[in-house]
Amino acid sequence: MSTRPVGSTEGGGDQAVALEGLVVRSHPMLRKAAHNRSLIAGATILGILITLAVLAPWIDRYPPLEQNLTEILQTPSWAHWLGTDQLGRDVWSRLLWAGRFDLATGFIVVLIPITIGTIIGTLAGYYKGWPDTVLSRIIDIVMAFPYYVLIITLVFAVGKGIRGIFIAFALTDWVTYARTVRSSTLVIGRLGWSAAAKGGGLSDVRILGRHILPNTITQAIVYATSDIVYVILAVVTLGYLGLGIQAPQPDWGSMIFDGQAFMTTKWWLSTIPGLCVVLTGIGLSLLGDGLADVLRPE
Amino acid sequence: MYVIRRLVQAIPVVLGITIITFFLLRLIPGDPAMTLLGNRGTPEQIALLRARWGLNEPIWIQFWLFLKQLAHGDTGASLFYQVPTRTLIASRIGVTMSLVAFATVFSILITVPLATIAAIRKDRAADQVIRAVPLVGLGMPSFWVGLVLILVFAVNLGWFPVGGWGDTIPEHIYGLILPALTSALAIVPLLIRSLRVGMLEVLQADYIATARSKGLRELRVLLVHVARNAIIPTLTLLGINIAFLIGATVVVERVFQLNGLGSLMLSAISNRDFPVVQGVTFVFALSVVIINLVTDLTAARLDPRIRLS
């Protein structure tokens, strides 16, 4: 997202530089991937979470929306592994379904920004000149807005819920991708082989399509692993504020909000959905670090 | 001149945030006046609001009206409280500024020692542990961290108030400790990562080798030579991440029931009080621009390399 924290990421103090001489040869890279501990750990954590989310309809123990007012706020038991909430709904089942909604939203929401941002960033970095200046100014402007302030206001303006989330991120999140991709395109430009290709008579379209985009897309995907963490955090935060995924659909954020009133006696109601978010974050961060390592040339 | 160049750079950004703040209203589907006032507005009130925003005029006249209001330091009267937005903002801004200031201090107090230890003990146990902090911390939602801190330190241990910020200055400070810590934790993971890299660079610099070869004690090298040169990257990093920190305080204020700008914005959202939402958004963005300007100018003062580049 635009105004999210900016810093060098592990394994890529300057990821753009890491691109130097990057050649997409799958075999050595796969071998590298198989030995990268952080990649494997991240993929495992994320794999488990995604599997649980995908299997939710089969492994939930009660319908996630089913209320049972005679069994509200139960402590964890064999019948209800994580107890029940204030409406007697099974927390374990809701947790699974919430994961399904939150993870799916996080992964799908970034598709539009990643596409727009990669295209704009590549073109600006390749052609430079005034389009690049305009893009840089837009980046500066969007980055001036505190992340949550911009997202919350946009979702409020276009309407709460999934639709609002999609529009808000489509409008703002492309900026960060454009920023990352632009700087890596500039680095590639400086390496000279795009100039060489041009000297060899290749058209701009061919240079962009065959030589530059494959690299910038890789870059954007590595960046996306950390971006999705922020998107999921924002979706959960919006849910907590009542602006995100709308009730009765379960969402980790609204589950935390619902549990807040019972914090002193039923601490797990708010704590466990939060831990799911943290676990997702750890998985994605490890995966991102690992990917950056594997894709970095020797 | 660096100072002038940097000031000139800020102008299009301020203009840009003005335009975006203006267009936020136009994003509301349908007729904004109708959507916002909804059932609580009579047809006359809706017509009045349309006139005030110039909704019947072309867009550039609407923008001109908006700019004129902004020049008077306002984004219009609150639809809910019927007072100028700036009055509401002025009464709340102190809380948020104190929270942001406290949170900044906390994030420095946490980041600098940890990043330093990690850099000095590179690849040893301490470094491995500290490097795991960002991994876990990045994915922690601020509101959840706040709730957990309340549960542990306010409810169970009873060391801090559960929320609110009291009436006297000592009470304010006391009440701000947990919220400030929560907000700081939102950016600490990133600061640690980046500052550790920055420190490693400083440690490998020639002047550090020189200082050591002169026979200076390691502590002196660290305090005098390393720390001094690490201040600039820390400052720049803080400047870049202040926007995220400010954003985090919005949610943190809600969790800790602090009556700052964030709470004002969130309650304005539930009241569909758009002028207030607009005003707070603008003030937030403007403060980020100003803070960035100040950190950049300070960094340039401290480091001639920035000034002269």
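Where in chain B is B:Gln82 found? In this predicted model, B:Gln82 is found in the loop between α4 (59–71) and α5 (85–120) of chain B; helices are DSSP runs of H or I with at least four residues, numbered from the N terminus. Local features need pLDDT of at least 70 and side-chain atom pairs count only at pLDDT 80 or more, while totals for chains, interfaces and linings use all residues. Residues are numbered from 1 along each chain as its sequence is written, and chains are lettered from A in the order in which they are written.

Although not a glycine, B:Gln82 has a positive phi of about 60°. B:Gln82 counts as exposed because 7 C-beta neighbours lie inside 10 Å (buried, 20 or more other C-beta atoms within 10 Å; exposed, 12 or fewer; partly exposed, in between; C-beta atoms placed from the backbone). A positive phi, near 50°, also occurs at B:Gln257, in the loop between α10 (218–255) and α11 (261–270) of chain B. With 14 other C-beta atoms within 10 Å, B:Gln257 is partly exposed.

In chain A, the peptide bond from A:Ala247 to A:Pro248 is cis, with omega near 5°. A:Pro248 lies in the loop between α12 (204–240) and α13 (252–260).

The contact between the chains takes 46 residues from chain A and 44 from chain B, two residues being in contact if their C-beta atoms, placed from the backbone, lie within 7 Å. On the chain A side, α7 (129–144), α8 (147–158), α12, α13 and α14 (268–295) each supply at least two residues. The most come from α14(A), with ten residues. By class, this side has 27 nonpolar, 15 polar and four charged residues (nonpolar: Ala, Val, Leu, Ile, Met, Phe, Trp, Tyr, Cys and Pro; charged: Asp, Glu, Lys and Arg; polar: the others, Gly among them).
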